[in-house]
Amino acid sequence: MSGLKRPLGLAVAQLGPIHLADTRAAVVKRLIALLREAHSRGARLVVFPELALTTFFPRYWMEDDEAIARFFELSMPGPETQPLFDLARELGIGFYLGYAELTGDGRRFNTSVLVDEAGGIVGRYRKIHLPGHADHKPQAPFQHLEKKYFEVGNEGFSVWPTMDTKIGMCICNDRRWPEAFRVMGLQSAEIVALGYNTPSHNIHWNEPTHLRMFHHLLSLQANAYQNALWIAAAAKCGAEDGFHMFGGSAIVAPTGEIVAQAQGEDDEVIFVNADLALGDSFRQNVFNFIKHRRPEHYRLIVDRVGAGEPLAAGELAKLASTFQQEG
Ligand code: CDT
């Protein structure tokens, strides 16, 4: 007897580097080994990283459509990923997998899927907060071309009732935006799965290296606590062809505490027998949304994109007075 009220075996499968020369088949073999390990440790759900099938290709400037297309999947599962889905069904374990999606009509998204214990896709998320740039920066040590290679996701931040819980998904840079987690919290998410690839060096400004890891963990811990949910975050990390990305894969409880963290920068499974009921007391007390939220005073969050001038006295109150509460 575990003594936990609603236990769910939750694993994160961190990936070490994937180099340009690595084949899909070799990567899927690694994913399969990690899935087996997660299952042997009691996981019902395992979270793989963002763009888990290839190297983090947005670091490379490419103009040729064919060169770009080789990093994308035309179907999920496809011939190379089918064995992962087959094994998940055989073992009865669900997973989150990030990949580059090329749609039938030629659109490109940075996507993740949620697969249930029967091996079926129950959810799809297309990354909304795309960092980086779309232009070539020849002076930079590497590129971060997510704005060139992907469209902004068009399906919102959904939450899927599955595996006796409610699971939301987001991808990498999304974790820095509280709005993403609040939208999922408002749909009663109990777990948010997320994969990431975070370069250790920020090409946009001279950010001190130690802040990169600090802000990663800070974002996970704050968003888990403020929305009373579990976050399972999986890195792809280490040096891919010499370009380093940090690890720090973690499972964070609704208390905001890190309850498991990867030790290195290679393939590694971390696991927690998560009590889904742990979020209940937060949801019933300090973060009892229906009781305490004041959305009439949050109007600027959706009305404004960038930071603007302070509003004149009375303007905020006027905005609040026109707020329409849902029925
Ligand atoms: N993959 C991804 O979203 N990475 C970003 C790096 C931002 S620096 C341009 C992240 O937020 O971790």
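The model is predicted, so local features need pLDDT of at least 70 and side-chain atom pairs count only at pLDDT 80 or more, while totals for chains, interfaces and linings use all residues. Residues are numbered from 1 along each chain as its sequence is written, and side-chain values use heavy atoms, with hydrogens and water left out.

**Overall build**

- The protein has ten helices and 14 strands; these are DSSP runs numbered from the N terminus, with helices (H or I) of at least four residues and strands (E) of at least two.
- A compact globule of 327 residues would have a radius of gyration near 20 Å, and the protein agrees, with 20 Å. The radius is taken over C-alpha atoms, and the globule rule is 2.2 Å times the number of residues to the power 0.38.
- Along its principal axes, the C-alpha trace spans about 60 × 60 × 40 Å.
- Of the 327 residues, 53% count as buried. Buried means under 20% relative accessible area, exposed over 50%, and partly exposed in between (1.4 Å probe, protein chains only).
- Among contacts (heavy atoms within 4.5 Å) between residues at least 6 apart in sequence, 69% join residues at least 24 apart.

**Nonpolar cores**

- In soluble globular proteins, nonpolar side chains tend to be buried together.
- A nonpolar core here is a set of buried Ala, Val, Leu, Ile, Met, Phe, Trp, Tyr and Cys residues joined through side-chain atoms within 4.5 Å.
- The largest such core has 49 residues, and Leu10, Phe181 and Trp230 have the most contacts inside it. Strand 9 (residues 230–235) gives the most to this core, with six residues.
- A second, separate core has 29 residues, including Ile18, Val27, Ile93 and Phe95.
- Beyond its neighbours within four places in sequence, Phe181 touches several residues, among them Cys170, Val192, Leu194, Leu229 and Ile231.

**A buried glutamate**

- Glu101 lies in strand 3 (residues 94–102) and counts as buried because its relative accessibility is 7%.
- Leaving aside neighbours within four places in sequence, Glu101 is in contact with residues including Arg107, Arg108, Arg124 and Arg126.

**Cysteines**

- A search of the whole structure finds zero disulfides, a disulfide being a pair of cysteine sulfur atoms within 2.5 Å.
- Cys237 has the sulfur of Cys172 as its nearest cysteine sulfur, 12 Å away.
- Cys172 counts as buried at 4% relative accessibility, and Cys237 counts as buried at 0%.
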